[in-house]
Amino acid sequence: MAGGGKTDVNQLGNINFTDKVVYFQSHTSDPAEGNWITMGCPNEGRRVQLPQPIKLTYNGPKYVEYSGASGTLNKGEKESYTITYPSTDSYTTLPVYLPDEDVSMSFHGETDLERENVDIYLFKVTSDCAYGLLDAFQAGDIENLNTLFQDSVDGEYEKYSTQLGDCGDLSDYDLGCLGAGQYCIVMVQQNDDGSMTVLSSTVFVVVESELCVSSPSSIKKGDELDISITGATNENTCTYGAVLIKEQAYKANIEINSDGTRDGTSVIVNDLDLIDEFDITSSNYRSKLTRNELQKEIQTLIGEGNGAIAIGESGQKKLSLTAFDLPVGCYYLLVGAYTPEKGLVGLSQMAIEIKSKGNSNGGGNSGENNGGKGGNGGGNGGAGGSPEPAKNVKSKELCQQFVSNGHRIKFEFTKGATSVGYVEFGAKKTAGKITAIIEELKGKSPLTPTEPEGEIYKHLNIWVGNGGFANSNNIENAIVGFRVSKEWITENHINTDAITLQHFNGDQWDSLKTDKVDEDDEYLYFEAETPGFSPFAITASKNILEIGEKTGDTEGQSTSDAGQQDNSGSVMESEMSSKENGKTGLRIASFFIGFLVIVLTGTIIKKKIDQNNEDGDEDSEE
């Protein structure tokens, strides 16, 4: 067993069981040294997008005692935690493996963990495991960690022991090929005093086979969305489910409110109280996890007008989602196949666009997606002078102007199809009528080999004239005017002073001089100076942990975004030991990492639970 760990390194909380004390390592927003686990993926096309943002807020006491176990957070009694999960691609997408593919993980630890011995636990998560944990909490039988572990996991785990590198990292650690199922990784450190520190955790999925989902990449408003699914092993015995959710609604705002007691604790996800909805505190909560009930609850979780869900009968490979009342916009379609014996056996995702009835490009554009997350783009192409692949273009807008030497030329994009409102430059040459194109992208452009640094609000392309026109011989003093949603700023705790337009110069990303010029109720407006036009990205500072004082004084709670970033660290330091002074980066409460794992895997587990209960419900109806 690994040993030698220290209990005085950047810990944010602990749980005292009767047989062991478990500490939880804090995290910073630094993806290189923030104590995060990332997963390798042999097929990037099978990564499934997770909700964005994933945000958790805890309002409750710093010390909680329940049934012989107690937990402590290193915070002030009246403080609350808000955690926003990092939004870089390796964190916001869920790896999906096949059984013949090697699973690998990396740990990006802080330098204080250099050469430390660690244990890696790999759990196979099942419905029995979920039931066991819920039953134990309901019965109050959680005081002994070893008993809780053995009763809920029941031997369904592997343990690996290794040593971290000189920088506290672990690179591409091979876990081998795994059977189909849902898995959770927990990395721990055994301490000298007999306690244990949880360093980090994450989840991933291994499916039996790739699903082939045939669906139109776009439909007209008012139409139903009809899909067919093939490719699953023993597909005639599988139950298939599909969820269509609007891009802007695909988020997980999680709030835990507690007075320190079980009855006084609520877990609210997107305004839905999970404990009340599923009767988790009652002995008959399993009855709420039938197919019909689960379908209703997921629809409630998505929200009215934000999406649709369909769960078919066993072997039903064609599904129809009620989309006639959904608004125009971009949607994610998530499709899963599962069986009572094996759980999830297939998972796929693609992009769907609902277009207005008057759009001549809308509807009927059917294409098959073999388990990838992209889809066919639905008619928003990169034509008209753009080298961007059509499938990556979310929306675009064009404008034409006559370019005459010595004049200031302004292209205004009045339809609001993208985040760019105008492009302006001084003309050094008469070029006649030219076209400017703004493309808002679904993700990183293949024209750029790397992502820009920081939180990414939008990926963009700006093309002006034919190739080679927008250079220093023809234009000067170019400006891009763009907007950023206040909702995004608030949800991601963005420092508005750090919002920047970045420009890809062919080799690397350059941050451009960016100034705020205006604002209204919904947006902040900016101008950035650019040397030319090509791929761009609107970025800001990294996600942070926000600690706010809960008092009755509203004015005392509110600070500027910049103030939150500058002062949050000092608030934490006042509650933690003096050795925290000098540390850069704010601490993210990994005390709640386990809960985030449960939330992210919850819908997968529920699908298996649903199927296990379906037969019983049908018998009772007869």
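Strand β11 (residues 102-108) and β14 run antiparallel and are joined by six bridges. One pairing to look for in this predicted model is F107, whose bridge partner in β14 is L170.

| Strand | Residues |
|---|---|
| β11 | 102-108 |
| β29 | 393-403 |

Now for the nonpolar packing. The largest nonpolar core has 52 residues, and V22, L94, F123, V207, I245 and L347 are the ones with the most contacts inside it. Domain 1 (11-206) and domain 2 (212-357) both give residues to this core, so the core lies between them. Apart from it there's another core, of 35 residues, with I438, F469, L501 and A528 among them.

I245 is worth a click. Neighbours within four places in sequence aside, I245 is in contact with Y250, I302, N306, G307, Y331, Y332 and L334.

What about K394, buried or exposed? This lysine, found in strand β29, has a relative accessible area of 13%; the cut-off for buried is under 20%, so K394 counts as buried. The side chain of K394 is joined to that of E247 by a polar contact of 2.5 Å.

Conventions
Residues are numbered from 1 along each chain as its sequence is written. This is a predicted model: local features need pLDDT of at least 70, side-chain atom pairs count only at pLDDT 80 or more; totals for chains, interfaces and linings use all residues. Side-chain values use heavy atoms; hydrogens and water are left out. A nonpolar core is a set of buried Ala, Val, Leu, Ile, Met, Phe, Trp, Tyr and Cys residues joined through side-chain atoms within 4.5 Å. Buried means under 20% relative accessible area, exposed over 50%, partly exposed in between (1.4 Å probe, protein chains only). Domain bounds come from an automatic or database domain assignment. Contact means heavy atoms within 4.5 Å. Helices (H or I, at least four residues) and strands (E, at least two) are DSSP runs, numbered from the N terminus. A polar contact is a pair of N or O atoms within 3.5 Å; within protein, one must be able to donate a hydrogen and the other to accept it, and residues adjacent in sequence count only if both atoms are side-chain atoms. Two strands pair if DSSP finds at least two bridges between them.
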